[in-house]
Every structure is written in structure tokens, then in C-alpha cells.
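Reader: I would like to learn how to read a fold feature by feature. Could you take me through one as we look at it together?

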Amino acid sequence: MARAFLFVLDSFGVGGGPDAAQYGDEGSDTLGHIAEFCAAGAGDRAGLRSGPLSLPNMSALGLMQIAKTATGRFPAGMPVPDKVYGIHGCASEISRGKDTPSGHWEIAGTPVTFDWGYFPTEGEAFPPQFIEALCSAAEVPGILGNCHASGTEIIARLGEEHIRTGKPICYTSSDSVFQVAANETHFGLDRLLGFCRIARALLDSHNIGRVIARPFVGETSSTFERTGNRRDFSVPPPEPTLLDRIVKAERNVHAIGKIGDIFAHQGISRVIKANGNDALMDASLAAMEEAKDGDLVFTNFVDFDMVYGHRRDVPGYAAALEAFDARLPDVHRKLAPGDLVILTADHGCDPTWRGTDHTRERVPIIAYGPGLKSRNIGVRSTYADIGATVARHLGIAAGPHGRSFL
């Protein structure tokens, strides 16, 4: 038997998406542009970090070669090691969307072959009939927002009015998503989650991928702060995923962070919540101690995307990558013979790119463990190769999509 540890660095794209132009993202490169900015001094922030981007552990596992494979060039200012110790390559996405569920489902062997529903980018975002039904069922006097927006910006802009009127703040993005921000103290967390459950049921016919609860605290625009009680209400994957097959084989899937929400809690044995990348790493290390033969520990490290990518914060993203990289030796020390670690991402979110949305990029694949020999696996045609590899490693039934690189 064997164990697998699948860590998704949310939004850590490596550029080179072959269909990026169709999404307006040709030339986006999350890793490459962060490295370029850091090498030029634009990634410095007093008290946080300075200098070129430094990721020695991931570089030793093949990250520099991955960037070269994906884009044809090494990231600026980052040394290229003489020897690489991991299986390394990158993957292109075939799902029709650059959102979180599409990326994660494809990683787990189920690409999205249908078109999601989206809301208009101009004017009011949500259909009046939907808003009327939602407000009536949830017993609220109305909503605020009703537009495309950045979450932190719209909370700062409308948060005080929300507290005064009791109207939740509703907004969307280029993803297939309906987001609801409300104050935990004044509106209530349970009430917010109930509001989102009602919205989820009403939006099923619109083919909207996720409803996201975005709770915050504070009394004024200058003190508002989002909390760690975010909750995603996703539609279930369209067919059984790697996770379903693992559970069917009477193994365990330890879902850390928002993994359970992304898969609508299908194929999940255990949900472990944590707030922030450090806490998510702590939870992952604890799960590694507890995982049995045949188990999968599956973690989403959300800060890269939510806190830094969408906010176009290059120094913050760089510092978060360096902090994650510094903790990889802790992962190494937990490994036993037969273990497999895979580091990857679900899409890009280039913090130097226009707008605040995800970017269509290839994602890195770094795989390592005791006894695995280093090699370059090139450009994989689908993220589903990751799920196929985990299935092969754990000795469970293969799915209909993807090809193992073991």
C-alpha cells in the first residue's frame, strides 16, 4: 500500500496556456512575472521581503525546468540548480473555464466539458426574478452591489450601508460565481450561510458553479476585515472523481481547507478547516501523521489566490511563496517509504495582470517521494494526468480521463 499527498498552491500558474488568448490572458505568467518584478526591485516591501524571488526547495525539485518547459524561459533572477530531485513538468487545462471547481475537478480526473453559466459584466449582474425570489425566501429587505466587483473593495464601499440597512452585499466576477458578503456581528454567520443555501438552490437552473459566503467583521470601512469562516457552496462534479473512487475502495480522503466545499463534499472522508497558509500547512502535516496506507491528503492553499493574486499584490504573493517553500522540509521529514507528494495549482492569477480575475495558464507538476527518480515529464495535455497518477500510485481503479506519469 502507499499514501499520497496532493497540495494545490491555489493560482500558482507558470504561464504558457495554449488557449490563453481566448480568455484575454495571452502572456500572463504568475511565476514568471512575480520573479521579474522581484528581480527589478518591484517585489520589495519593508518588513516583509526584498530581493529576487527565492524558492530553493521547489527549485531543487524542478520548478525552474518547469517554467522553461511551460514558457521557453527561466524566471528572472532565480538561480537554476545543477541537479534536480523531483519528477517535474506542467499541464494545460482542457476544462472550459479558469475557475476553482474546474481546475480541481480536472486535477481529480473529471474535466469540465460543459459551459458554466455566467452573469453579465455590464449593468446589473443578477436577474430581477432571481433577486426577488431570493430576498423573499431569505426575508431580507433587498441586496446591495449587484455587480462585478473585487471583494475587499465592495466591502469597504458598501459595508457600512449593509450594517445600516441589513441588506447583504451580492457581487460576482468573471468566474461562474455568486458571492455574498455580510457582517458576522450585525447580520450573523448562520444567517449568511442560510442565505447562501437558498441562493444555491435558486441558481442551480442557471448553471452557476459556486455560491460563496464572504463573512467579515468590523464597524467602519477602515476596520472591515474578512474572516476565516468563508464557505463555498458548489454544484457536485458531473461524474465520479478520483476522490469517489478512493472512498469506494474503502480508503480515506482527508480534505483540508476548501477542498470539501469544492467537491460538494462528495468523495470526502474527513474535513479539516484552517485559516491561512501556515495553518493549512500545520493541518496538512498533522494529517500526514494520521493518514493510513491507501489514504489521500488533499490540501488547497488558498492565500496565494484569495489574499494576493486577486488583490494584485506582488510582494505579498512572493513572500507567501517563499514562506511555503521554507516549510517543504517539514513535509519531507514526514514521508515514509511508498509515499508520493504532488505540488500543483488549479489555474493562474497573475498579480501583474490587468483586472483582478484568474488567468488562463499552465500549472506546475512537482512529484517526489522516497525512491522516485527525477525526470522531466514535459507538458501534459490535461490536469487529469495528476489524478490518474494518484490513482495508479494508490492502486485504485483508473478513471476515464488522464494518463499516469509514473
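**Reading the features**

Author: Let us begin with Gly395, which follows directly after H14 and takes a positive phi of about 75 degrees. Helices (H or I, at least four residues) and strands (E, at least two) are DSSP runs numbered from the N terminus. Keep in mind that this is a predicted model, where local features need pLDDT of at least 70, side-chain atom pairs count only at pLDDT 80 or more, and totals for chains, interfaces and linings use all residues. Residues are numbered from 1 along each chain as its sequence is written, and side-chain values use heavy atoms, with hydrogens and water left out.

Reader: Is H14 mostly covered or mostly uncovered?

Author: Buried means under 20% relative accessible area, exposed over 50%, and partly exposed in between (1.4 Å probe, protein chains only). H14 is mostly covered, with nine of its 11 residues buried. Among them are Ala384, Ile386, Val390 and Leu394.

Reader: How do I read a sheet, and what is the strand order in this one?

Author: Start with pairing: two strands pair if DSSP finds at least two bridges between them. Here eight strands form an open sheet with mixed pairing, in the order S10-S9-S11-S1-S12-S13-S2-S14. The edge strands, S10 (270–272) and S14 (375–380), each pair on one side only. On average, neighbouring strands are turned by 15 degrees against each other, direction ignored. Helix H14 (residues 384–394) packs on this sheet, touching S1, S11, S12, S13 and S14. Contact means heavy atoms within 4.5 Å.

Reader: Which strands does S9 join, and by how many bridges?

Author: S9 (residues 253–256) runs parallel to S11 (residues 296–301), and four bridges join them. Three bridges join S9 to S10, again in parallel. In these pairings, Ile256 stands opposite Thr299 in S11, while His254 has Arg270 in S10 as its bridge partner. Val253 and Ala255 point one way from S9, His254 and Ile256 point the other way, and all are buried.

Reader: Which residues does Asn300 touch?

Author: Asn300 lies in strand S11. Leaving aside residues up to four places away in sequence, Asn300 touches Val8, Asp10, His104, Ile256, Lys258, Ile259 and Leu280. Asn300 is buried, with a relative accessible area of 1%. A polar contact is a pair of N or O atoms within 3.5 Å; within protein, one must be able to donate a hydrogen and the other to accept it, and residues adjacent in sequence count only if both atoms are side-chain atoms.

Reader: How should I describe two packed helices, and at what angle do H5 and H7 pack?

Author: Two packed helices are described by the angle between their axes and the distance between the axes. Axes are lines fitted to C-alpha atoms, for helices over the stretch in contact, and angles run from 0 to 180 degrees between N-to-C directions. H5 (residues 128–138) and H7 (residues 184–203) pack at about 140 degrees, with axes 10 Å apart. Residues of H5 including Phe130 and Leu134 meet residues of H7 including Phe195 and Leu202.

Reader: And what span does H12 reach?

Author: The expected span of a helix is 1.5 Å times one less than its number of residues. With 13 residues, H12 (residues 314–326) reaches 18 Å from its first C-alpha to its last, close to the 18 Å expected. At its start, a side-chain oxygen of Asp313 reaches to within 2.8 Å of the backbone nitrogen of Gly316. H12 is mostly covered too, with 11 of its 13 residues buried.
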